[in-house]
Number of protein chains: 2
Amino acid sequence: VIVYGRQPVAELLRAGRRRALRVWAIKDPGFAFTPATAEELTARAGTDAHQGIVAETESYHYVHAREMLGRDGLVLVLDEVQDPQNLGAICRTAEVAGALGVVIHDRRAAEVTPAVCKASAGAVEHLAIARVRNIADFLGEAKAAGSWCYGAAASGRMSCFEVDWPARVALVLGGEGKGIRPRVAKACDELVGLPMRGQLDSLNVSATAAVLTYLALQGEFRS
Amino acid sequence: VIVYGRQPVAELLRAGRRRALRVWAIKDPGFAFTPATAEELTARAGTDAHQGIVAETESYHYVHAREMLGRDGLVLVLDEVQDPQNLGAICRTAEVAGALGVVIHDRRAAEVTPAVCKASAGAVEHLAIARVRNIADFLGEAKAAGSWCYGAAASGRMSCFEVDWPARVALVLGGEGKGIRPRVAKACDELVGLPMRGQLDSLNVSATAAVLTYLALQGEFRS
């Protein structure tokens with residue numbers, strides 16, 4: 001598979017979790033590469049957003065969702081987030097903030113595609129990402145392992161500022177426009193919302209994720 | 001000028017701040033429109049991201065930056081944020097959270113282009129946006145009007161969770177990759193950072209904006 005873009009390729013090599021089989025670049029990137037033209041890179045990347053560098057690498061290594069459980073920290077659970085930009089942005093925030101990982105649905109969600117790698121600025125190379133068949137079942141396992149499950153919902157009865165965030169949290173974010181599916185919402189301990197005072201009635205899911213990730217982890221930052 | 005996309009056109013009409021001169025659409029949007037093909041819409045919008053609807057409207061109405069001063073609340077100040085996706089995302093968060101407005105540089109920043117309208121989900125139609133010639137001078141005026149000026153910086157000595165956010169805040173965000181320019185940073189009362197615990201050393205500017213916007217306004221949400 002392909003990874004394109006300066007920072008995504010740099011993080012691929014730095015993380016070393018999946019082998020870089022070959023790198024094509026317009027200019028010398030400071031490591032072994034095959035010279036290529038912009039047109040060749042566009043053909044390989046399938047987009048002209050390659051920033052002059054494309055790598056061929058192994059498939060993305062997902063982890064087992066269970067590895068994120070039974071430990072203090074934050075797991076982000078994405079219920080049908082479809083947009084690669086949003087998935088990438090959420091992964092970048094999760095990695096930078098120090099979340100335990102991100103759980104996605106194994107068929108309905110955006111996978112870790114080259115566009116997701118790019119949108120994450122390469123964060124996916126360092127982050128633990130797991131795919132599960134059933135989000136509600138995973139939340140059941142998380143609860144059994146001591147996590148509190150919060151679902152982000154515009155209609156959430158509880159403001160995110162009223163939550164006394166516990167040490168072990170699974171935070172569920174719903175798909176663009178639709179939010180969390182009812183069956184998944186039912187599997188949450190609590191639905192929380194961000195205060196909204198404008199004319200628009202929804203935040204972007206990656207903005208919601210950023211605010212809630214930092215609020216949920218603020219106790220860890222202090223300790 | 002052009003506005004494209006379902007929600008951007010809907011918010012344009014709902015806000016009513018600038019006249020919609022004409023609307024072209026593939027399907028009946030429920031108000032006066034001129035039928036058009038997808039190809040015609042792509043030609044008018046300059047992109048195929050039009051979602052079947054394009055409006056022609058007046059130029060974007062900027063407000064005077066001074067109108068945002070002398071009042072309690074949050075003003076977001078963007079020092080050379082260039083990417084339309086980021087500018088749009090920040091405007092959407094600012095509108096939803098109920099910030100007083102957004103200040104941008106009058107030449108070096110991304111303007112409120114059709115792509116920004118789209119990325120903001122139409123939030124720019126409701127939001128106050130001002131352009132200023134000199135960001136540091138604006139911060140001087142803000143301080144004179146009783147605002148505290150915080151600059152978001154990865155190197156900020158103070159964590160965003162340590163700040164006792166005052167009622168009147170100007171929050172400065174720097175451009176992608178480069179951060180706040182030194183002269184603008186010097187005009188801030190304090191530089192604040194988000195805790196970072198991962199391998200990547202920076203958050204996306206729109207994620208940073210979302211977290212800081214909600215933290216800065218949490219006192220208002222509670223009252």
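**The interface between chain A and chain B**

The side chains of A:Arg197 and B:Glu220 meet in a salt bridge (2.8 Å, N to O).

Q: What counts as a salt bridge here?
A: A salt bridge is a side-chain nitrogen of Lys or Arg within 4 Å of a carboxyl oxygen of Asp or Glu. This is a predicted model, in which local features need pLDDT of at least 70 and side-chain atom pairs count only at pLDDT 80 or more, while totals for chains, interfaces and linings use all residues. Residues are numbered from 1 along each chain as its sequence is written, chains are lettered from A and ligands numbered from 1 in the order in which they are written, and side-chain values use heavy atoms, with hydrogens and water left out.

Q: How many salt bridges are there between chain A and chain B?
A: The count is two.

Q: Which helix of chain A gives the most to the side that touches chain B?
A: Helix 7 does, with 10 residues (helices are DSSP runs of H or I, at least four residues, numbered from the N terminus).

Q: How many residues are in contact?
A: In chain A, 35 residues are in contact (heavy atoms within 4.5 Å) with 35 residues of chain B.

Key. Helices (H or I, at least four residues) and strands (E, at least two) are DSSP runs, numbered from the N terminus.
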